[in-house]
Amino acid sequence: MGSRLVGYGSYLPEKIMTNQDFEKIMDTTDEWIVQRTGMRERHFAAENETVADMATIAAQRALTAAGLTVDDIDMVIVATTSPELDFPSVGVQVLGQLGATRDQPAFDVRGACTGYIYGLHCARAFFSTAMHRRIMIIGVEKMSRFLDMNDRSTAVLFGDGAGALIFEHSTSSYSGIIDTVVMADGKCFDMLHGSPDHKIIMNGPETYKKAVTLMPGAAQYIMDHAGITAENVDWIIPHQANLRIIQSGASRLGFPLEKILVTVDKHANTSGASGVLAMAYGMDNGIIKQGQLILYPAFGSGLTWGASLIRV
Ligand code: ACO
């Protein structure tokens, strides 16, 4: 019992914030940001643009690509860390904005930057029991909501955006969501967390040290579990948190840099939207081709970490 990908869509807000824009409002330089992170620009949502608005646009684009309507979807799972409202879930708001006329389940998962893999993990479990025919997974974030422009060590790192994938139940276990693994360690709470006044509290160097071992560890685990090696993987799309973390992880795993898809220069860290946005970018630009195997490892606040294997 498995799944296959039948449509995808993404959305990036119109406003682009470049490193040079940050130079004008805080004590930083393009050179520092590029050298330490690989980031050059990121998209920021408009003030009145909500997480649900962005998710809905990405979802509609995925539905159009798949030739489906929202009523054809049997479940919506949204990975997000930045919803403006405590309730209802963004998933339910998306159903409303898309004009769903039938009853179907929708819910959010919170796994910070690993949220998208937590969403895939849930979907894989539902497909394995053939409980639902079509599941839409959305990764969406408005990280700009959390940014403190007086804190240069975090303000430059994040961006906004949304991506959606629609999977359909399939009898093949070699397509769609092939495998997932997710983990969490609550002892590392202090390393990276939100504050009650919606700010990002991060020990950058400690988070960095964890990331360069946890992401490749999860990638290796899932390859071993699936009985494959780096040679079988067409693209590795690591969570786009920092170019140096991506390069270090790739070299630990023995992946050639040509197999690594990087969007951190264009999107910065979009947390739970990062993997799906990068995948959509790769497919939009003909970099990722139908039938290819994608390995996506991620880590984030919690700490949480994990990996997924998807054949597109
Ligand atoms: N511009 C210029 N200088 C800066 C900036 C900036 N934007 N930010 C920090 N600095 C300075 C610091 O003040 C410090 O100066 P000092 O030496 O005079 O004290 C110096 O640069 C070095 O600071 P470090 O924090 O040690 O720099 P580092 O090389 O570790 O890079 C970074 C910082 C980019 C944050 C890195 O640690 C990192 O990427 N960590 C991982 C972050 C991450 O992946 N977070 C995941 C978030 S996922 C989620 O779930 C939300």
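1. You will find A130 in the loop between helix 5 (115-128) and strand 6 (134-142). Helices here are DSSP runs of H or I with at least four residues, strands are runs of E with at least two, and both are numbered from the N terminus. The phi of A130 is near 55 degrees, a positive value in a residue other than glycine.

2. A word on what you are looking at: this is a predicted model, in which local features need pLDDT of at least 70 and side-chain atom pairs count only at pLDDT 80 or more, while totals for chains, interfaces and linings use all residues. Residues are numbered from 1 along each chain as its sequence is written, and side-chain values use heavy atoms, with hydrogens and water left out.

3. With 44% relative accessibility, H198 counts as partly exposed.

4. Two cis peptide bonds deserve a look. One joins F87 and P88, with omega about 0 degrees; P88 belongs to the loop between strand 4 (75-79) and helix 4 (90-98). Another runs from G302 to L303, where omega is near -5 degrees, and L303 lies in the loop between strand 12 and strand 13.

5. That loop is part of a hairpin: strand 12 and strand 13 have 3 residues between them, and G302 in the turn has a positive phi of about 145 degrees. The two strands pair in the antiparallel sense over 8 bridges, where pairing requires DSSP to find at least two bridges between the strands. I294 stands opposite I310 in strand 13.

6. Which strands make up the open sheet, and in what order? There are 4 strands in the order 8-13-12-11, with mixed pairing. Strand 8 and strand 11 (235-236) are at the edges with a single partner strand each, so one side of each has no neighbour in the sheet. Strand 8 runs antiparallel to strand 13, joined by 8 bridges, and M183 stands opposite W305 in strand 13. Strand 11, by contrast, pairs with strand 12 in the parallel sense over 2 bridges; there W235 has I294 as its bridge partner in strand 12. Strand 13 is mostly covered, as 7 of its 8 residues are buried.

7. Just after the helix, G227 takes a positive phi of about 70 degrees.

8. What covers the buried residues of helix 7? The cover includes strand 8 (176-184), helix 8 (243-253), strand 12 (293-300) and strand 13 (304-311). Among the buried residues of the helix are T207, A211, L214, M215, A218 and I222. An α-helix has 3.6 residues a turn, so residues three or four places apart point the same way.

9. Now to the aromatic pairs, of which a search of the whole structure finds 2. In one of them, F22 and F44 have ring centres 6.4 Å apart and planes at 85 degrees, so the pair is edge-to-face. Rings of Phe, Tyr and Trp (its six-membered ring) pair if their centres lie within 6.5 Å; planes under 30 degrees apart count as stacked, over 60 as edge-to-face and the rest as tilted. F22 is in helix 1 (residues 19-25) and F44 in strand 3 (residues 41-44), so the pair ties together parts that are 22 residues apart in sequence. Both F22 and F44 are buried.

10. Last, S274 lies in helix 10 (residues 274-284). S274 is buried, with a relative accessible area of 1%. Leaving aside residues up to four places away in sequence, S274 touches H239, Q240 and Y296; contact means heavy atoms within 4.5 Å.

Conventions
Buried < 20%, exposed > 50% of the residue type's maximum accessible area, 1.4 Å probe, protein only.
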